[in-house]
Amino acid sequence: MRINKNNEFTAEQIRDFVVRGMQEKKGQDIVVMDLRKVKNAICDYFVICSGTSDTQIDAISTSVEEEVYKASKQDPWHKEGKLNREWILLDYVDVVVHVFKKDRRSFYDLEQLWGDAEIRLIEDSDLVVAS
C-alpha cells in the first residue's frame, strides 16, 4: 500500500473512490485490476468500466472526478478522451481509470492485455466504501 506523494490518501482509497463514482452513474462491468505484482506495471491499479453511450461515459468520468475530488481534494494528474468520448482515461498516478464505450472496450481488451494482473469484478450489488 503506497501513499501518493501529493496527499495522504492511499492507492486503495483512491481506487475505492473511483469505483463509487462509476457506480453512481451506473457504470457497467466494473473491474479492478491489481497490477502491484505485475512486472513493469505503470501503476498499482486499473479501474475499468463500460457505458452504453458517449453521453454516459462522459457522465461516468465526471462522476469519478467529482467523487475523488470530494473525498481527497485530488484532480487527475492527466486525462484523455473527453472530446471523442469513446475511451476516457483519468490518471491518478497510482490508479488509472478507463471508461469505455462497450465496443471500444472489447477492441482494446485491457483485461487480456494485462492478463497477469489480479482481476476483481465489482458486482452491481457491491457497495464500495472507501477506507
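Which ring does arginine 104 lie over? I looked, and arginine 104 sits over the face of phenylalanine 107, at 4.9 Å from the ring centre. I count a charge as over a ring if NZ of Lys or CZ of Arg is within 6 Å of the ring centre and within 35 degrees of the ring normal. Arginine 15 lies over the face of tyrosine 45, at 4.9 Å from the ring centre.

I note that this is a predicted model, where local features need pLDDT of at least 70, side-chain atom pairs count only at pLDDT 80 or more, and totals for chains, interfaces and linings use all residues. Residues are numbered from 1 along each chain as its sequence is written, and side-chain values use heavy atoms, with hydrogens and water left out.

Next, ring pairs. I pair rings of Phe, Tyr and Trp (its six-membered ring) if their centres lie within 6.5 Å; planes under 30 degrees apart are stacked, over 60 edge-to-face, the rest tilted. I get six aromatic pairs by this rule. One of them is phenylalanine 9 with phenylalanine 17, edge-to-face, at 5.8 Å centre to centre and 70° between the planes. Phenylalanine 9 is buried at 14% relative accessibility (buried is under 20% relative accessible area, exposed over 50%, partly exposed in between; 1.4 Å probe, protein chains only). Phenylalanine 17 is buried at 5%.

I then checked phenylalanine 46 and tryptophan 114. Their centres are 5.5 Å apart and their planes at 80°, so the pair is edge-to-face. Phenylalanine 46 is buried at 3%, and tryptophan 114 is buried at 19%.

Last, I found one aromatic cluster formed by Trp87, Phe100, Phe107 and Tyr108.
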